[in-house]
Amino acid sequence: MLQLAALAIVTGLVEPPTWVFFTDKKIEAADLDAALVRQERELAPRAVRRRVRVRGDRGVDLRDVPPASAYVQSIAATGAQIRATSRWLNAVSVEADAAQRAAIASLPFVARVQPVARTRRHEHRPLGTDESTPARAKGLSWPQLSALHVPDLHACGLTGAGVVIGVQDTGFLLEHQAFAGLQVIAARDFIQNDDVVADQEGDSPGQHYHGTGVLSLIVGSDGEVFSGVAPGVSVLLAKTEQIDVEEPYEEDYYVAGLEWIEGMGADIFTASLGYSDWYEQSQLDGKTAVVSQAAAVALANGIIMFSAMGNEGPDPTTLDAPADVDGVIAVGATDFDGVVTSFSSRGPTADERIKPDVVAPGQDVWMVRTGTLVAYEMAQGTSLSTPLAAGIGALLLEAYPDLDPAGMLALLRATATHPDAPDNDGGWGMIDGLAAAGLYCTCDDGDGDGHFAATCGGDDCDDADPASHPGATEVCDGRDNDCDGDLPAEEVDGDDDGVRLCAGDCDDADPARWPGAIEIADDCIDNDCDGEGDPACAPTTGEASGTGESGEAPTTSATDPTSTSDGATSTGASTGDGASGGSPATGDDGCGCAARDGRTSAWLLLMLAALPRRRRHR
């Protein structure tokens, strides 16, 4: 039986390594920006983009700066051996004897020291093997895949392509034919500090067994014989756990591996490892365990995390860290009918939150048989339900690339088998991949904007226009781009002249006024909306008269045909107070001009009608 790391092997013969936490990072405020620039360059561009998208800031901060080299050198000067370094925790782990630990604890920049936590032990007892080829598609893996509706997701084109998963475990042997097409971006052995993740000299024989089986459940691809959930993903592989009895302490390697995987640009992290032997149940609150603290930082950086609950059920509060973290997707185990297994660990957390979040098949699950080229075997444990769940996460992330950790958790919970009645045995229920994929597999996205047509239940009000969908930016095109059912007033073309207010129409009630319109002489209107008035209609200021000799307007005009012989003025004549119909008419920009008889001549109407009007295409 394959079990999650920790089946009670505690020797007491070897002192555990020690965490050393520093008080600060010994960096001046004036030097911080330069340090952040250096750290940003060390991150994969993919990691920076993810962080910026999820965090909404530059993507790096003081947590990314490594511990001060002077502090680390002082620790080494005591004779202690540095094992691992954590930027996020501002700490190192060391091999040190009692005298060295006492010397380290007395250093002024050391905040505290504590033992590196013990991990649970894997046992590798397969339930059986079978190398035959079943008749059903997906072969041996059909029961576990169909329970999660994975074949339906594959049928609509989802394979995990474009998604990067970081897998952290005991090691990985990639000789089996199911790994022939595997895309490995990078691999790292944190135990021996090299890039060999299969067994090598210094490892306990068979150390890579557990990790290899776990990996096959995500990425395996062997025709009609076997398939993982997401065979199209690329992977980062971290070897962080030793299986020998003498040193059951890998919490520090777990943290180092998680920081590496996150910085290399993984979208999803999955580990079937858990820690509880060193921690009391009251400390499993998602904040106390060192691995839980590191997981919280990883989540804040936008990486989606799946973690096994453990195999210590059915008693309550038997979960492991970091499954106790709020936001980490903790996975329990069921049979193929969705019944929670007796061994699956239960919640709640110490602070009374429900765990697990979801469950997946973890009993009688088929995986590759490590050390063979073609064989498979059956095993059980939350170690197996977790990679199956992570594979579903990869398919959903391919469908919805903007999902962040909180969004993925909410989606899986909301579409599981009992979302309205979660409990500490099975959380929100068995994962339903098809329900979680939703409209991606049942609806259309004709314009490829990531939103589905309203005609089939989606929210895209115009599935032929990629610029129109919920959340889109309104542009000056007369369309309801953000699909809120409300066209902004400035996008309405009130006078139907082809130009909207947002495009520069200075008078949306007058079809003769729009940018590019022909200026009409003597009409005192800014027809082309350029802000310049008609030259013939200079503003009347009262500073000059018609005679040029005084500032008072004449009461009569010698040349005005409307004046009478006795000096009386007809209704068309101007007066000094401007009260009559012949006073200057106030137009745009203070322009004043004579209104004459208030009627437009026939020839002017004919000229206006003949003018071409340029209309802008909508």
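Pro-348 is located in the loop that runs between β13 and β14, where helices (H or I, at least four residues) and strands (E, at least two) are DSSP runs numbered from the N terminus. The peptide bond joining Gly-347 to Pro-348 is cis, with omega about 5°. A cis peptide bond also joins Gly-313 and Pro-314, with an omega of about 10°, and Pro-314 is placed in the loop between β12 and β13. The model is a predicted one, in which local features need pLDDT of at least 70 and side-chain atom pairs count only at pLDDT 80 or more, whereas totals for chains, interfaces and linings use all residues. Residues are numbered from 1 along each chain as its sequence is written, and side-chain values use heavy atoms, with hydrogens and water left out.

The strands β12, β13 and β14 belong to an open sheet of 7 strands, which has the order β7-β10-β6-β11-β12-β13-β14 and parallel pairing; two strands are taken to pair if DSSP finds at least two bridges between them. Its edge strands, each pairing on one side only, are β7 (183-189) and β14 (358-361), and the twist from one strand to the next averages 25°. Within this sheet, β12 (residues 304-308) and β13 (residues 329-334) pair in the parallel sense over 3 bridges, and Phe-306 has Ile-329 in β13 as its bridge partner.

Helix α7 (residues 209-219) lies across β6 (164-169), β10 (234-239) and β11, and runs at about 160° to β6; axes are lines fitted to C-alpha atoms, for helices over the stretch in contact, and angles run from 0 to 180 degrees between N-to-C directions. The axes of α7 and helix α10 (residues 382-399) come within 8 Å and cross at roughly 35°. The contact, defined by heavy atoms within 4.5 Å, is made by His-210, Val-214, Leu-217 and Ile-218 of α7 together with Ser-383, Leu-384, Pro-387 and Leu-388 of α10.

Aromatic rings of Phe, Tyr and Trp (its six-membered ring) were paired if their centres lie within 6.5 Å, with planes under 30 degrees apart counted as stacked, over 60 as edge-to-face and the rest as tilted. By this rule the count comes to 10 aromatic pairs. One of them is the edge-to-face pair of Tyr-254 and Phe-269, at 5.9 Å centre to centre and with 70° between the planes. This pair links distant parts of the chain, with Tyr-254 in helix α8 (residues 251-263) and Phe-269 in strand β11 (residues 268-271), 15 residues apart. Elsewhere, Phe-22, Tyr-71 and Phe-109 form one aromatic cluster.

Positive phi values occur at non-glycine positions. Lys-26, with phi about 50°, lies in the loop between β1 (18-22) and α1 (29-42), and counts as exposed because its relative accessibility is 54%. Asp-364, with phi about 60°, is placed in the loop between β14 and β15 (365-368), and counts as partly exposed because its relative accessibility is 31%.

Definitions and conventions
Buried < 20%, exposed > 50% of the residue type's maximum accessible area, 1.4 Å probe, protein only.
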